[in-house]
There are 2 protein chains.
Amino acid sequence: MNECKIIIMGFGAVGQGIARAISLKKNMIREKVGIDLKIVAAADSSSSAINIDGLDEELLVDVKNNDGNLLNYPECGSDVAGANVLDAVEYDCLMEATPTNIVDAEPAFSLTLKAFNQGKDVVTSNKGHLALKFRDVVNAARENNVEFKYEASVGGAMPIINFTKETLSSCGIKSIIGILNGTTNYILSRMTSEGSAYDVTLKESQELGIAETDPTQDVDGIDAACKTVILANSLLGIDATYSDVKVEGISNINSQAIELANKDDYLIKLIAEVSPDNLQVSPRLVKKGSSYDVSGTLNMATIHTDLAGDITVMGLGAGSLETASAMLTDLISILKNKN
Amino acid sequence: MNECKIIIMGFGAVGQGIARAISLKKNMIREKVGIDLKIVAAADSSSSAINIDGLDEELLVDVKNNDGNLLNYPECGSDVAGANVLDAVEYDCLMEATPTNIVDAEPAFSLTLKAFNQGKDVVTSNKGHLALKFRDVVNAARENNVEFKYEASVGGAMPIINFTKETLSSCGIKSIIGILNGTTNYILSRMTSEGSAYDVTLKESQELGIAETDPTQDVDGIDAACKTVILANSLLGIDATYSDVKVEGISNINSQAIELANKDDYLIKLIAEVSPDNLQVSPRLVKKGSSYDVSGTLNMATIHTDLAGDITVMGLGAGSLETASAMLTDLISILKNKN
């Protein structure tokens, strides 16, 4: 294999980040791994650009930003979308970045299984199918003898899955405690520093583009709970699904509670716990100056191991290019295994 | 390969930690990788125990702790030591844990080159040969087509080398800033919390076994400077050696300076900087509550990347079993590549 043909499904912030990351790093990857990356298709929910000879990464991003879709990508734009894209062009790896769907895991679940059945490797940033049907997806990859990697589904740019599997492979993992949602961490940090009320802070965060127009997934702890399930399955071998997580969000936290905690040198954080006895996302008191004292949109996780003690990692939990960098690392790892 | 025969050279805290870690994890490794680990020799500076059929890990540690050497290991104890051990028994991998020597890198340098010439893989926790002759050692491994891994040489149990190479492989590394010496961090943390003088705190740390009887390597910044060189070479591709690092230790830090910093919400930390423009170990002011605000013997490092932003990792910088866990992870990685 001296070429890897890529389909990007989902062309929002993360999908565009993949295109930009490939544009920035394809020369490095050619030098390092000896393989040329070529995007042969990129698709959003209603349109796509498809070309077996390769698409221009920067042009894809420009067309999408100008038009809101890919219909007018020169000569290659079309209304082919969804699973049909996987039949429209020969490819090696699906980079799946469609929106997380915690109700029925679609379109990620069907797209991923289709790619596996076609014998293709898949890299994803999606949480829905992993939170609802982790075993089904991972088993399907194994049965089809393809690779499936999902570092970007938890922690964005913060390595945690490959980190634990590869650089702590000698250790048993006892539990993982962390802050896995950047938006709620931003809101709580800001309520602490400004003394502001929840509703006001949420509104400001929405205006800054940090919280979404419908902030439910973040503020109700749903996003962090999905990540909790993914870590439970992938790193602790716990056969759990989304409904196994006890979830409480941050919408009941008021400025009085934060002030009271602050007086005693504590902070209120939305903490995810992944342990054999407990899968839980809830607001908790953490000591100021502890490793949980990270501000803004940062994510962090402390991995409790049997041999190495506690190892903590922190990094940006979101961001277009940042999340794409985790997906590109997954892709490089797949390419290295092919060589 | 369904068996890996191991020689442990150096049987102090880390060497004994390797034996204990193998004892604890050999079943897991057999299940995971399908390879049986067998210690065929363990040696300190004057004695060894050698048996092609395998030595008992716990008994090795017991004999060493009781006698101070391995001469009386039942039936297998001997005065064979040094490089001769590598000729005395057939083996697959050298786990090298002799003391760091920053003057002439011995015995690590000769032992390592001899193992390479014998076609054997090497895992090390040693800093001396890497700080003085990084390129020579790495090139010799390449020329002999063997594997050479050295995660434990920097940060003890805190993953940083494999972490950066493997889980941030899509990123360019711009610089690394960190606290790479646990002893000095302990002394400075304690001076801060107790308001105590440097000499008093050093003496207390020695009594607790945290600082060594001759604390020079730690307090003069030599240990952190070695690690700076190793990170510069391995992660930033800088062809540097120990003498390229600007080094200043902590022995001139007095309690007044710490108090003054403290009043402005700053701490004094011994910071290592690894960047293309600057290889430096020196006391610096860091903001309280920042990611540099780690106390006790913890190590930490912030990796500045081009795609993923800043990624921070922290963990125990020393410890027998903790450091051995990093070496065992290196070994597992080598074994996986053989399969």
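Author: The copies meet through the same surface, because 100% of the interface residues of chain B are also interface residues in chain A. Contact here means heavy atoms within 4.5 Å. This is a predicted model, where local features need pLDDT of at least 70, side-chain atom pairs count only at pLDDT 80 or more, and totals for chains, interfaces and linings use all residues. Residues are numbered from 1 along each chain as its sequence is written, chains are lettered from A and ligands numbered from 1 in the order in which they are written, and side-chain values use heavy atoms, with hydrogens and water left out.

Reader: How many residues does the contact take from each chain?

Author: Chain A gives 37 residues and chain B gives 37 residues.

Reader: And how much area do they bury between them?

Author: About 2800 Å², with 60% of it on carbon and sulfur atoms. Buried area is the accessible area (1.4 Å probe) that two parts lose on being put together, summed over both.

Reader: How many salt bridges across the interface?

Author: The rule finds 2. A salt bridge is a side-chain nitrogen of Lys or Arg within 4 Å of a carboxyl oxygen of Asp or Glu. One of them pairs B:Asp306 with A:Lys25, and their closest N and O atoms are 2.4 Å apart.

Reader: Which elements of chain B give two or more residues to that side?

Author: α1 (13–33), α6 (161–167), β13 (310–316) and α12 (320–338) of chain B. The largest share, 7 residues, comes from β13(B). Helices (H or I, at least four residues) and strands (E, at least two) are DSSP runs, numbered from the N terminus.

Reader: Backbone now. Where is the cis peptide bond in chain A?

Author: Between A:Glu106 and A:Pro107, with omega about 5°. A:Pro107 sits in the loop between β5 (93–96) and α4 (108–117) of chain A. In chain B, the bond from B:Glu106 to B:Pro107 is cis, with omega near 5°.

Reader: What about phi at B:Asn145?

Author: Positive, about 55°, although B:Asn145 is not a glycine. B:Asn145 is in the loop between α5 (128–143) and β7 (148–149) of chain B.
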